[in-house]
Amino acid sequence: MPTPSPSTSPPPSRLWRDRSFRRLWAGQTASQFGEHTAVVVLPLVAVVTLGAEAGQLGALRAASQAPMLLLSLLVGAWVDRWRTRTVMVAADAGRAVVLGAVAVAAFTGRLDLVSLAVAAVVVGTLSVFFDVAYQASAVRLVARDELVRANSALEGSRSAAQTGGPALGGVLVSLLSAPVAVASGAVFFAVSFLSVRGIRRTESVPRRAPGGSGVWSRVRDGWRFVVGDAALRAVCVASAAFQFAFSAATTVYLLFLPRDLSLSGAGVGLVLAAVGPGALVGSVLAARLPRRFGYGRVLVTAAVVGDGVWLCVPALHGSPAVTVPVLCGVGLVFGAGGQLVNVMVMAVRQTLTPDGMQARVAATVTCVGMGATPLGSLLGGLLAEVWGTRPALAVAAVGMLVSPVVMAVSPLGRLGRALPPGSGGSGGGE
């Protein structure tokens with residue numbers, strides 16, 4: 001399934017005239033904002049409201065991320081057999097209810113770290129279902145020659161939410177209250193529920209063969225497909241290296257900003273929000289640079305620059321008037337580089353994967369990559385307690401540079417101006 005050349009790509013208006021895709025995109029955007037608001041709001045509530053220490057914060061973040069490691073493979077095998085609309089609607093409803101319950105507990109003063117951790121695990125579990133499902137849904141709803149453009153839109157929303165959500169959460173925790181901040185996530189999930197529920201197109205669910213294989217056999221098939229492809233193996237290893245180090249860095253960063261640099265909740269939100277404009281720049285560049293310079297060269301360069309800029313963060317001192325502009329600059333560069341990498345890696349993965357294995361391959365990559373984040377969060381909290389935030393942040397920043405090294409020495413670094421031909425078809429069914 002080769003990526004269409006510019007001369008054969010459909011006009012932009014064709015995709016956006018598709019009502020089903022518009023509803024998927026709107027729902028995915030709202031869901032991502034809810035998810036990434038909760039990712040920062042719950043730890044900030046733990047630190048600011050419940051007085052959590054570094055180790056406790058690392059444990060809380062690890063609990064919320066554990067479902068990616070423990071459940072992604074199973075979820076991928078299930079979603080390949082289900083209608084993705086049903087999965088996404090159920091996940092949205094469940095997350096809205098859970099965050100609504102946390103908001104009520106916070107409002108009544110009954111919230112504690114244990115209940116916060118339980119809620120984080122449930123929200124994290126349902127997020128795995130939604131995230132695997134929307135990636136498979138795009139392949140089922142969108143024509144192959146529009147898939148790169150659809151992914152660019154979906155990845156743009158996800159990247160914007162990764163920064164806009166935390167920024168909104170930080171502002172709400174600072175200016176309003178913890179219950180309002182938590183409730184904002186529930187509102188986003190409710191909006192996503194309504195949007196995705198309105199998708200009316202019948203999905204082309206991969207056909208099950210008579211006496212089809214069991215769930216573990218399908219998980220094994222997805223795993224073997226990824227392991228058997230050198231480019232997909234590199235995606236997994238590079239993603240795991242990055243997510244492990246970045247999760248450690250983020251845990252320390254959430255302590256470093258308010259405690260070492262004395263930033264308010266609004267200041268933390270502003271710094272986190274700076275990645276958003278950078279991601280928008282990255283989305284634009286992702287549609288142009290690979291065709292001019294080659295996917296491999298752009299991929300490795302974007303990762304080196306985007307990840308390497310974190311090395312200057314531990315050295316920052318001074319008042320917010322000095323540190324906030326510098327941190328915003330770091331966020332802009334990191335956002336642009338990260339978005340370039342995200343869009344190109346997803347295009348590679350979906351191009352190489354047959355229709356009937358899209359969810360399983362997505363889940364396998366998620367399990368290996370994002371599954372490393374709980375361990376990173378625990379390590380970040382531990383290093384911050386033992387060494388202090390600045391040394392811990394420096395170590396994590398150096399660790400982030402392992403990912404571009406892996407890409408540079410793998411087939412990903414040798415990709416040219418066009419993606420390699422993929423498996424095509426709907427293979428990989430039971």
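Reader: Why is cysteine 312 called partly exposed?

Author: This is a predicted model. The relative accessible area of cysteine 312 is 34%. Buried means under 20% and exposed means over 50%, so a value of 34% makes cysteine 312 partly exposed.

Reader: And what makes cysteine 328 count as buried?

Author: Its relative accessibility is 17%. The limit for buried is under 20%, so cysteine 328 counts as buried.

Reader: How many disulfides does a search of the whole structure find?

Author: Zero disulfides are found in the whole structure. A disulfide would need a pair of cysteine sulfur atoms within 2.5 Å.

Reader: What makes the pair of phenylalanine 242 and phenylalanine 334 stacked?

Author: The search of the whole structure gives eight aromatic pairs. For phenylalanine 242 and phenylalanine 334, the ring centres are 6.4 Å apart and the planes meet at 25°. Pairing requires centres within 6.5 Å, and stacking requires planes under 30 degrees apart, so this pair is stacked.

Reader: Why is that pair said to tie together parts of the chain?

Author: Phenylalanine 242 belongs to helix α9 (residues 230-260) and phenylalanine 334 to helix α14 (residues 320-352), so the contact joins parts that are 92 residues apart in sequence. Phenylalanine 242 and phenylalanine 334 are buried. They also belong to one aromatic cluster, made up of Phe242, Phe246, Tyr253, Trp310 and Phe334.

Reader: What makes valine 305 count as partly exposed?

Author: Valine 305, which is found in helix α13, has 46% relative accessibility.

Reader: Which residues form the nonpolar patch on the surface?

Author: The patch consists of Val304, Val305, Leu332 and Val333, which together have about 290 Å² of accessible area. Helices α13 (295-308) and α14 each supply at least two of the patch residues.

Reader: How do you know that arginine 95 forms a salt bridge with glutamate 35?

Author: The closest N and O atoms of arginine 95 and glutamate 35 are 3.7 Å apart. The rule asks for a side-chain nitrogen within 4 Å of a carboxyl oxygen, so the pair counts as a salt bridge. Arginine 95 is in helix α4 and glutamate 35 in helix α2 (residues 19-49), so the bridge ties together parts that are 60 residues apart in sequence.

Reader: What is the case for aspartate 92 and arginine 95?

Author: Here the closest N and O atoms are 2.9 Å apart. With the limit at 4 Å, this pair is therefore a salt bridge too. Aspartate 92 and arginine 95 both lie in helix α4, three residues apart, about one turn of the helix. An α-helix has 3.6 residues a turn, so residues three or four places apart point the same way. Both aspartate 92 and arginine 95 are buried, and Glu35, Asp92 and Arg95 are linked in a network of salt bridges.

Technical notes. Residues are numbered from 1 along each chain as its sequence is written. This is a predicted model: local features need pLDDT of at least 70, side-chain atom pairs count only at pLDDT 80 or more; totals for chains, interfaces and linings use all residues. Side-chain values use heavy atoms; hydrogens and water are left out. Rings of Phe, Tyr and Trp (its six-membered ring) pair if their centres lie within 6.5 Å; planes under 30 degrees apart count as stacked, over 60 as edge-to-face and the rest as tilted. Helices (H or I, at least four residues) and strands (E, at least two) are DSSP runs, numbered from the N terminus. Buried means under 20% relative accessible area, exposed over 50%, partly exposed in between (1.4 Å probe, protein chains only). Patches are made of residues with over 30% relative accessible area and no salt bridge: like charges are joined within 9 Å, nonpolar side chains (Val, Leu, Ile, Met, Phe, Trp, Tyr) within 5 Å. Accessible areas come from the Shrake-Rupley method with a 1.4 Å probe; for residues, only the protein chains shown count as cover.
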